[in-house]
Structure formats: C-alpha cells, structure tokens
Amino acid sequence: MKLFDEPLKGFLVNDLVAYDSEENDNQVVYQIRKGEVLVIGEFNSTKYESGTALIIFANDEVISVDKNMIRLKN
C-alpha cells in the first residue's frame, strides 16, 4: 500500500452505491455521486479488474475503487 504525501485531484466517472446486506458484513450504507474526489493512496488488489485500487476521499467517506473509475487531473 502506498499513501501519497499530497492528495491528488481526481474525477469519479460513475456513481457508487453500497447498501446494508449480509454479503458485505452489514456495513454502513453510502452513496457517492460521480464528480471530484481526492485520491490519497493506492494498492494492488485482485479484487479489482485493473489489479490496482485507488483510495479516495469523497462525501466524508474513505473507500477504495478500481483505478479505472478515476480520472486523475493534472
């Protein structure tokens, strides 16, 4: 896992929704709409299609998403 010294600005290309269910250990419901996010780190993961997850901060949530869901801004 790599945490960045300075967060990167990115754009989430799709809305994300999670919900309470036995499949995700009854985790808290959250919804993040597409738009600007801060990218605070990354890690390798076979859970994601690209093999790399980005750790993002959006709507007071810190979650990981496939790197293909984020467009980094210059």
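A salt bridge is a side-chain nitrogen of Lys or Arg within 4 Å of a carboxyl oxygen of Asp or Glu. This predicted model holds two salt bridges. One of them joins aspartate 15 and arginine 33, whose closest N and O atoms are 3.8 Å apart. That distance counts because the cut-off is 4 Å.

**Salt bridges**

- Aspartate 15 is partly exposed at 41% relative accessibility, whereas arginine 33 is exposed, with a relative accessible area of 54%.
- Glutamate 36 and lysine 73 also meet through their side chains in a salt bridge, at 2.8 Å from N to O.
- This second pair links distant parts of the chain, with glutamate 36 in strand 4 and lysine 73 in the segment after strand 7, 37 residues apart.
- Glutamate 36 counts as exposed because its relative accessibility is 61% and the cut-off for exposed is over 50%.
- Lysine 73 has a relative accessible area of 38% and is partly exposed.

**Strand pairing**

- Strand 1 (residues 2-12) and strand 4 run antiparallel and are joined by seven bridges.
- Within this pairing, lysine 2 stands opposite glutamate 42 in strand 4.
- Strand 1 also pairs with strand 7 (residues 70-72) in the antiparallel sense, over three bridges.
- Here glycine 10 stands opposite leucine 72 in strand 7.

**Nonpolar core and valine 39**

- The largest nonpolar core has 12 residues, among them Leu12, Leu16, Ile32, Val39, Met69 and Ile70.
- Strand 4, strand 5 and strand 6 are the elements that give two or more residues to this core.
- Strand 5 gives the most, with three residues.
- Valine 39, a member of this core, has its place in strand 4 (residues 35-44).
- Valine 39 counts as buried because its relative accessibility is 0% and buried means under 20%.
- Not counting residues up to four places away in sequence, valine 39 touches Phe4, Pro7, Leu8, Leu54, Ile55, Ile56, Ile70 and Leu72.
- The C-alpha atoms of valine 39 and glutamate 6 are separated by 9.0 Å, and the two residues are 33 residues apart along the chain.

**A buried aspartate**

- Aspartate 66 lies in strand 6 (residues 61-66).
- Aspartate 66 is buried but has no salt bridge, and the nearest side chain of opposite charge, lysine 67, is 7.2 Å away.
- The side chain of aspartate 66 instead reaches the backbone nitrogen of glutamate 49, at 3.0 Å.
- Leaving aside neighbours within four places in sequence, aspartate 66 is in contact with Tyr48, Glu49, Ser50 and Thr52.

**The loop between strand 5 and strand 6**

- Asparagine 59 has its place in the loop between strand 5 (52-58) and strand 6.
- Phi of asparagine 59 is near 55 degrees, which is a positive value in a residue other than glycine.
- Aspartate 60 is also in the loop between strand 5 and strand 6, and its phi is positive too, near 65 degrees.
- Aspartate 60 is exposed, with a relative accessible area of 70%.

Technical notes: Residues are numbered from 1 along each chain as its sequence is written. This is a predicted model: local features need pLDDT of at least 70, side-chain atom pairs count only at pLDDT 80 or more; totals for chains, interfaces and linings use all residues. Side-chain values use heavy atoms; hydrogens and water are left out. Helices (H or I, at least four residues) and strands (E, at least two) are DSSP runs, numbered from the N terminus. Buried means under 20% relative accessible area, exposed over 50%, partly exposed in between (1.4 Å probe, protein chains only). Lys and Arg count as positive and Asp and Glu as negative; His and the chain ends are not counted. A polar contact is a pair of N or O atoms within 3.5 Å; within protein, one must be able to donate a hydrogen and the other to accept it, and residues adjacent in sequence count only if both atoms are side-chain atoms. Contact means heavy atoms within 4.5 Å. A nonpolar core is a set of buried Ala, Val, Leu, Ile, Met, Phe, Trp, Tyr and Cys residues joined through side-chain atoms within 4.5 Å. Two strands pair if DSSP finds at least two bridges between them.
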